[in-house]
Amino acid sequence: MVKIREVIVVEGRYDKNTLSQIVDATILQTNGFGVFKDKAQQKLLREAAKKRGLILLTDSDGAGFVIRNFLKGLIPTGQMKQAYIPDIYGKERRKDAPGKEGKLGVEGMKPEVLLEALRKAGATMEDGVQPCGQITKADFMELGLSGGADASQKRAALLRHLGLPERMSANAMVSALNLLYTRQELEVFLKELE
């Protein structure tokens, strides 16, 4: 598995699943066109770009380029690299029919094609990416963000306080917090909520 320093941005969960099998990196989803109206998701992408840089990897169809162009306007120049997959016609295994344009998306690409796209984009391949804060699931338990009766409400309040997407699972929240904050900063945020 190849470790990549930058945060990789893909369109959806199937793209994320495919990519997570070949790279060790933080992978965020735009949820398709959902990113256009989701201010919290936009903020998360801007913060991730500031901290680690982004690599944008969308499908090569029209929808992928609409999302790509939107994010180009959202993220400052120099904080985002562009990775492009080739136009390969076909359909993904999970689908009954090819997409509107008949092209394979990120989820349908072979691992070597995706790695080559990331290399060409200038991905920083590392031996060990250290997350910012080293926040663990055990920390979530200790801080009352997991396992307690009011843990989900506490997580929701923290997400609102930080301006992060409200639908994040606990695992996604751990990843996002590690990307953006240290354990000490997390403790300060929790005190602010009390």
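## The α6 and α8 pair

The axes of α6 and α8 come within 10 Å and cross at roughly 100° (axes are lines fitted to C-alpha atoms, for helices over the stretch in contact, with angles from 0 to 180 degrees between N-to-C directions). The two helices α6 and α8 are therefore roughly perpendicular to each other, a term for angles of 65 to 115 degrees. Helices (H or I, at least four residues) and strands (E, at least two) are DSSP runs, numbered from the N terminus.

In α6, Lys154, Ala157, Leu158, His161 and Leu162 meet Leu186, Phe189, Leu190, Glu192 and Leu193 of α8, contact meaning heavy atoms within 4.5 Å.

## Basis of the model

The model is predicted: local features need pLDDT of at least 70 and side-chain atom pairs pLDDT 80 or more, while totals for chains, interfaces and linings use all residues. Residues are numbered from 1 along each chain as its sequence is written, and side-chain values use heavy atoms, leaving out hydrogens and water.

## Nonpolar cores

A nonpolar core is a set of buried Ala, Val, Leu, Ile, Met, Phe, Trp, Tyr and Cys residues joined through side-chain atoms within 4.5 Å; buried means under 20% relative accessible area (1.4 Å probe, protein chains only). The largest such core has 34 residues, and Leu45, Leu71 and Leu158 are among those with the most contacts inside it. Helix α7 gives the most to this core, with 6 residues.

Strands in the order β3-β1-β7 form an open sheet of 3 strands with mixed pairing, where pairing requires at least two DSSP bridges between two strands. Ile4 stands opposite Met125 in β7.

Definitions and conventions:
Buried means under 20% relative accessible area, exposed over 50%, partly exposed in between (1.4 Å probe, protein chains only). Angles under 35 degrees count as roughly parallel, over 145 as roughly antiparallel, 65 to 115 as roughly perpendicular and the rest as oblique.
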